[in-house]
Amino acid sequence: MKNLIRLVSRIEPQLADYLDEECQHFFELIRSGQVSTQEEAMNAMYSGPRKRKKLSELKNRLIQQICRSVLSHPWQYSSPTQQAYIECWRNLASIKVLIAKDHGAKSLDIILATLRMARKYDLHRIVAELSQELHYHYYIIENHEAKGRKYRKLMEQEKLLASIEDEVKSRTTEALYLKNASRANTPELRKKLSMLCEQFAPYFKYQSVSINHHIWNVHIFLAYFQHDYQSVNDICQQAIQFMQERKIDRSFIFRYKLIPAQLILGQYDQARQNIKLAIAHIRKGEYSWSVFTYYRLLIELHDGQYQQAYHLYLAANSVHQVSRALKEQWKIVKGYMAFLIRNGRITLEGGGLPHYRKLIESVPLFAQDKQGNNINIIILQLLLNIGHNNDTLIDRAEAIKRYIDRHLRSRELIRARTFIEMMLKIPRYRFHYQAVMRHTASDLKRLRNRPLRLTQNQDIEIIPYVELWNIVLHILSKHSDRRLGRKRKLS
């Protein structure tokens, strides 16, 4: 059921028009989020006996109808490359059907037209398949030896390129599996990626976008693990330029990988332009749109443009989020927006945010993810309670201290650990502005001297810690002034 929900949530809602009535109803229930489990789906669609069997048959029928609808009515193409890719594979399927019905000779024009398109876009497997059919056609049907040899040579060349592409893709996939499984930037993983870069280097000579696409990804992952963000920038720009020269637009993934590097390098204007180009053909509300909007919001927060970040948050918040991970990410962003509003960095517009205490209660103290989002959740808990509910901050300080001692020991997470330790010194020194300033001075110096980094376990800081600490000190200063004012009144 989980995979069906993921499929339905990602494809065009207009495809529902091509489903039968029962499948259409089921499709709409899934898209609207009214059913999210097998049990909910059975109860929503059927009553009485045999519910499980009926639902199983309905799921299979829905999948079949979706597949036929996608082939017959493909969604709006986001680029000429995507259009060529879809049309080539669809044409190849049609050609195979015609050949199976002994109409291969009649499909010659379709084969030749599809071959030209597939060669232009480096679709090696399709070119090899079509060349094989032409090799047979010119030798057996037309007795044309020269053309038969020509397409045999092309077939062998493209089969070689297709096999290289398969090799690069499979070995890259295995390396990325190790990355995800280890969840750590280990020397072994860096050595593995470095070795792949060396072994794949000779394949650049083929000037194939399809092959280079995977090789560039390995280089980018290695550069990120080495915290070499300028190299990430250079590799992504090289890939984008190469594809522009070939007029094959598969640059989307490289623009996506480029943005975090530009953000860390402080190239905010370039990152904004990059996002603008990346989402030019993405409909509002799609998963990719949400991801790029999130990065754009981070750019504004890092650049100190808090009001603009708030506008982006409102735009994203008005759109249904497909991914559960993104929903959680936007909840955290919502907390940061509330924090900035409460402390005068953002002017509230419209209804906006819920009651502040309810917002605090809605943010868990810890999530299942022991690093990643948990870092932002812990920091958000500390931020939301400071100056608002200091007793809660005092109560939670010890639990947070135990947590960071256990889970934030890695050098990769030293900035997050340092900032959280600075925040924990606030209740330790009883929210006294001067005392906190004095006892966190060395920590602040370490933060300034240690550059912002990105690892697979730690998302980019939502607001850079140095800037965030300046806001925290401002809150403490106001808190100290109010406390001093009350003492004067009492005296």
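D405 and K401 are four residues apart in helix α19 (residues 390-407), so about one helical turn separates them. Helices here are DSSP runs of H or I with at least four residues, numbered from the N terminus. The side chains of D405 and K401 meet in a salt bridge, at 2.8 Å from N to O. A salt bridge is a side-chain nitrogen of Lys or Arg within 4 Å of a carboxyl oxygen of Asp or Glu. D405 is partly exposed, with a relative accessible area of 27%. K401 is also partly exposed, at 28% relative accessibility. Buried means under 20% relative accessible area, exposed means over 50%, and partly exposed lies in between (1.4 Å probe, protein chains only).

The model is predicted: local features need pLDDT of at least 70, side-chain atom pairs count only at pLDDT 80 or more, and totals for chains, interfaces and linings use all residues. Residues are numbered from 1 along each chain as its sequence is written, and side-chain values use heavy atoms, with hydrogens and water left out.

A search of the whole structure finds 19 salt bridges. One of them joins E156 to R152, with the closest N and O atoms 3.2 Å apart. E156 and R152 sit four residues apart in helix α8 (residues 145-182), separated by about one helical turn. E156 is partly exposed, with a relative accessible area of 43%. R152 is partly exposed too, with a value of 44%.

Another salt bridge brings together the side chains of R272 and E300, at 2.8 Å from N to O. R272 lies in helix α13 (residues 268-278) and E300 in helix α14 (residues 287-302), so the pair ties together parts that are 28 residues apart in sequence. Both R272 and E300 are buried. R272 and E300 also belong to a network of salt bridges that links them with D269, R296 and D303.

Helix α4 (residues 51-72) has 22 residues. From its first C-alpha to its last, α4 reaches 31 Å, close to the 32 Å expected at 1.5 Å a residue. The expected span is 1.5 Å times one less than the number of residues. Buried positions in α4 are L55, L58, K59, L62, Q65, I66 and S69. Seen down the axis of α4, the buried residues fall within an arc of 140 degrees, so they line one face of the helix. The arc is that of the directions from the helix axis to the C-beta atoms. The buried residues of α4 pack against α1 (2-10), α2 (21-31) and α3 (38-45).

The largest nonpolar core holds 72 residues. Such a core is a set of buried Ala, Val, Leu, Ile, Met, Phe, Trp, Tyr and Cys residues joined through side-chain atoms within 4.5 Å. Within the largest core, M337 and W469 touch the most other members. With residues up to four places away in sequence not counted, W469 touches F419, M422, M423, I426, V436, T440 and L444. Contact means heavy atoms within 4.5 Å. A second, separate core of 37 residues includes A84, C88, V209 and I248.

M422, one of the residues touched by W469, is found in helix α20 (residues 414-428). At 0% relative accessibility, M422 counts as buried. Leaving out residues up to four places away in sequence, M422 touches T440, D443, L444, L447 and W469. M422 and V436 are 14 residues apart in sequence and 8.3 Å apart in space, C-alpha to C-alpha.

Terms used
Helices (H or I, at least four residues) and strands (E, at least two) are DSSP runs, numbered from the N terminus.
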